[in-house]
Each structure stands twice: as C-alpha cells, then as structure tokens.
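This report describes a strand arrangement and a helix contact. Please keep the sequence and the model in view while reading.

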Amino acid sequence: MTIVVTGATGQLGRHVVAGLREQLPAGQIVAAVRSPEKAADLGVEVREADYDRPETLAAAFAGATKVLLISGNAVGHRVPQHQAVVDAAKAAGVTHLVYTSAPHADDTPLVLAPEHKATEEIIRASGVPFTILRNNWYTENYVQNAQQAIATGVLIGSAGAGRVASATRADFAAGAVAVLTGEGHEGKVYELGGDVAWTFDDLAAEISAITGKEIRYRNLTADEHRAALIEAGLPAETAGFVVALDQNIAEGTLAEVTGELSALIGRPTTPLGDGLAAALKEA
C-alpha cells in the first residue's frame, strides 16, 4: 500500500504525514508537494505535485493505492486544480480518494462551499472510490482574532450568538489518518467538527482565561465590522470574506455537532481553550 498526501507541507498536511508515520512504515507514505525543498524534514518520499501543472501529477501518483486530496488554498481557482488531481488519481489506478471538503458542501450558504461542492461532484463522476471529509472550522483560524483581542481588550465580530463547532488541525488530521489507514470508509461522507459548538462570547472568555486579561466580545453590524477590518489594514476583499463568514456563522452554518470526528479518532476533540492556547504559543 502506498498513500500519497497532497499539500503535505501545509499546516494540515504536516499533521497528516506525522500521524501516518506513527502507524505505517515511512516507505508507504509519499508527500506530494509543490515545492519539494520544503518537505525535506517530513521523513518520507517527496514528489513534486503542482495543482497548476497537471503534468507533474502523473509521476506524483505513480503506484499510489490511496490519495488524500487536501483542498488547495487558491480560492477561486480550486475547481480546475482539483479536477486535475482527480483525473491524475483515476489515471494512476488509485483505489481510494479522500478529500477535505466543507460542512454540508452540497447544501449550505457557506461562502466557501461552492468550490467544494463542485469538487465533490467531480470526484463522484470520476468513478474512483472516495471518502469525503467535510471539515468544520479550524480552531487555529482564530489566532489572529485572539492576538488582536489581547492587544485591544476587545474581540470584534459580526457573528452575533452564532456558534462554531471547531476542532484543531491535529484533530482533523487524525480523522484523515483514521480513514486512510482503516477499512470500510469508501462511499462515506463524514461531517466532522468539534464536540462543542462555542459562541464568540465563549471565545472571548477563553482568551481571557489564557491571558489573565479581561477580553469582551463586541458584536458589530456587518458594515461596522467591514469598516473596522479595513481600518485595521485588511484588504477590502479579505474584509468582505471575513464578514460574509461571520454572517454564515450567525445563520448557524458552522454550529452542528455530529460527534463523527471524535468517533473516528477514538477520543474527544481538543477543547477550544486548549487548542487556542497551543496555537497562540506557536504563533
């Protein structure tokens, strides 16, 4: 068996490779990356795999039994990139393709969902046996919010009382490892997330507990939030995305607690405070 992990030098990919190395001989693991020189420390075979250069993918997937397609980070360009990966996996005779998607990607207003929905459709149409991992939000995504709150004493947002069932990247990576090394996951779609859905008031309280500094959450209107982010130096497009995501959260799109991730990994997901404290130390 040979497992190829795409995007292996990314923050999620590194956790996946490390988790696979704990269970499999290094010779069964391949790190498929855009910049091989960045993967020398992974301790496994490294192959070039650039989503934007499909000609690199055939060699990257040669002999692969399973492929983990970690979704690309080039928002707006991911569908053709993922199409190239799926095509190459099919041509290589891959018998199990695992994809990191978004919560309820096929039926959600989540701003990030359309490219994931399109990719899921491409995977289904390919005929390659698949597993879809619909990952909720990463706890680490809130490090910058926490740093800003620590500096100002205020956590700002426009999510209202909306909840986020986040988990850490290590938790989601462990879920991917469980699927890649286990049996009976083909054809399954997993809705993965944390065991607890928290509010931004809860997030402020956890930042307070970590730092010993009083932090409060200030809920803004969408327009106020966008203006504050732009004033803080974010590009208008980025600010618009952040606000759109908070509106999704207010609507409940990231609030679902399914228990499927903790069931896959055989342990509770990492509590918000623990995950955030560790991420802040590494930041």
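## The sheet

Seven strands make up an open sheet with the order 3-2-1-4-5-6-8, and their pairing is parallel; strands here are DSSP runs (E, at least two residues), numbered from the N terminus, and two strands pair if DSSP finds at least two bridges between them. Strand 3 (45–48) and strand 8 (188–192) lie at the edges with a single partner strand each, so one side of each has no neighbour in the sheet. On average, neighbouring strands of this sheet are turned by 20° against each other, with direction ignored.

Strand 2 (residues 29–33) runs parallel to strand 3 and is joined to it by four bridges. In strand 3, R47 is the residue that stands opposite A32.

## Basis of the model

This is a predicted model, in which local features need pLDDT of at least 70 and side-chain atom pairs count only at pLDDT 80 or more, while totals for chains, interfaces and linings use all residues. Residues are numbered from 1 along each chain as its sequence is written, and side-chain values use heavy atoms, with hydrogens and water left out.

## Helix 1 against helix 6

The axes of helix 1 (residues 11–21) and helix 6 (residues 169–181) come within 8 Å and cross at roughly 50°, helices being DSSP runs (H or I) of at least four residues. The two helices are therefore oblique to each other, a term for angles that are not under 35 degrees (roughly parallel), over 145 (roughly antiparallel) or 65 to 115 (roughly perpendicular).

In the contact (heavy atoms within 4.5 Å), helix 1 contributes residues including H15 and L20, and helix 6 contributes residues including F172 and L180.

Technical notes. Axes fitted to C-alpha atoms, helices over the stretch in contact; angles between N-to-C directions.
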